[in-house]
Amino acid sequence: MKVSRRTFLEVGAAGLVGTKLLSLQQREDQLIKAIVFDVFGTCVDWRSSVAGEVNALAKRKGFTVDGARFADAWRAQYGPTMNRVRTGDLPWTRLDQLHRMSLDKLLVDFGIRGLTETETAELNRAWHRLRPWPDVVPGLTGLKKDFIIAPLSNGNISLITNMARNAGLPWDCILGAELVRHYKPDPEVYRSAPEFLDLEPGQVMMVAAHLGDLKGAASVGLKTAFVPRPAEYGPGGGADLKSEPWVDVTAPDFEKLASIVR
């Protein structure tokens, strides 16, 4: 009996008995019904998007800056600032506010002066306007035909909503860190996806370009899919390029992912 890749994912190895497949009704708790996605780096190209906005602002204001270097430095503060929340050094703080704390410091570090509050706030919202990788919108559109699709991001709800509207990301709903006031990789974030969708953990698949993110999802029983983004951090930037044996599905892009799991 030929077993499709999707059927294997739906019923799991435990559903195979000799050459017979247990009925899908008996394995209802393992049917994939929803797919949730990391956003920064996995769905959108934050580096070139932010660098472009920084360079455009520099041109308008007449200062010189390496936009890509600025974007890298800004992103480098992402983990440390969230860790301050995670450890209790800061109370719960939305990602927009953490980005602004980092931006205020970087403007000093890069010697950028003369921005108005309106200009600084607008630059901080560059993260709301990140552009998707070329395969993302068609891939999500294909997956949406068969599955609930939603982000599971550390971005706050307004950030992810504005990004979706700007980039045309066809989410069914918005899930993520702000709803549970924890940042990934805290398990509370991953557990929240099946809880909010009224599903079992095995009915939800997490898609990410970062193996650490997938490891967190797998630890609470979510299925996992790895889609590498070699250009996320620029040339030689250290993106995860190779999958691991414990990952359920690996695909080169979202369109191929859709063809595998549908």
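Guide: Start with a side-chain pair: Asp213 and Lys184 are joined by a polar contact of 2.8 Å. A polar contact is a pair of N or O atoms within 3.5 Å; within protein, one must be able to donate a hydrogen and the other to accept it, and residues adjacent in sequence count only if both atoms are side-chain atoms. This is a predicted model, where local features need pLDDT of at least 70, side-chain atom pairs count only at pLDDT 80 or more, and totals for chains, interfaces and linings use all residues. Residues are numbered from 1 along each chain as its sequence is written, and side-chain values use heavy atoms, with hydrogens and water left out.

Visitor: Is Asp213 buried or exposed?

Guide: Asp213 counts as buried because its relative accessibility is 9%; buried means under 20% relative accessible area, exposed over 50%, partly exposed in between (1.4 Å probe, protein chains only).

Visitor: Which helix is Asp213 in, then?

Guide: Asp213 sits in α11, residues 211-219. Helices (H or I, at least four residues) and strands (E, at least two) are DSSP runs, numbered from the N terminus.

Visitor: What does Asp213 touch?

Guide: Leaving out residues up to four places away in sequence, Asp213 touches Asp38, Lys184, Tyr190, Met206 and Ala208. Contact means heavy atoms within 4.5 Å.

Visitor: New topic. Which residues of α8 are buried?

Guide: In α8 (residues 157-167), they are Leu159, Ile160, Met163, Ala164 and Ala167. They are on the same side of α8 because they cover an arc of only 130 degrees around the axis, the arc being that of the directions from the helix axis to the C-beta atoms.

Visitor: And what is on the face turned away?

Guide: That face of α8 carries the exposed residues Arg165 and Asn166.

Visitor: What do the buried residues of α8 pack against?

Guide: Their partners are β4 (44-45), α5 (95-109), β5 (131-132), α7 (136-144) and β6 (148-153). After α8 comes Gly168, with a positive phi near 75 degrees.

Visitor: How many helices and strands in the chain?

Guide: Twelve helices and ten strands. Of the 262 residues in the chain, 50% are buried.
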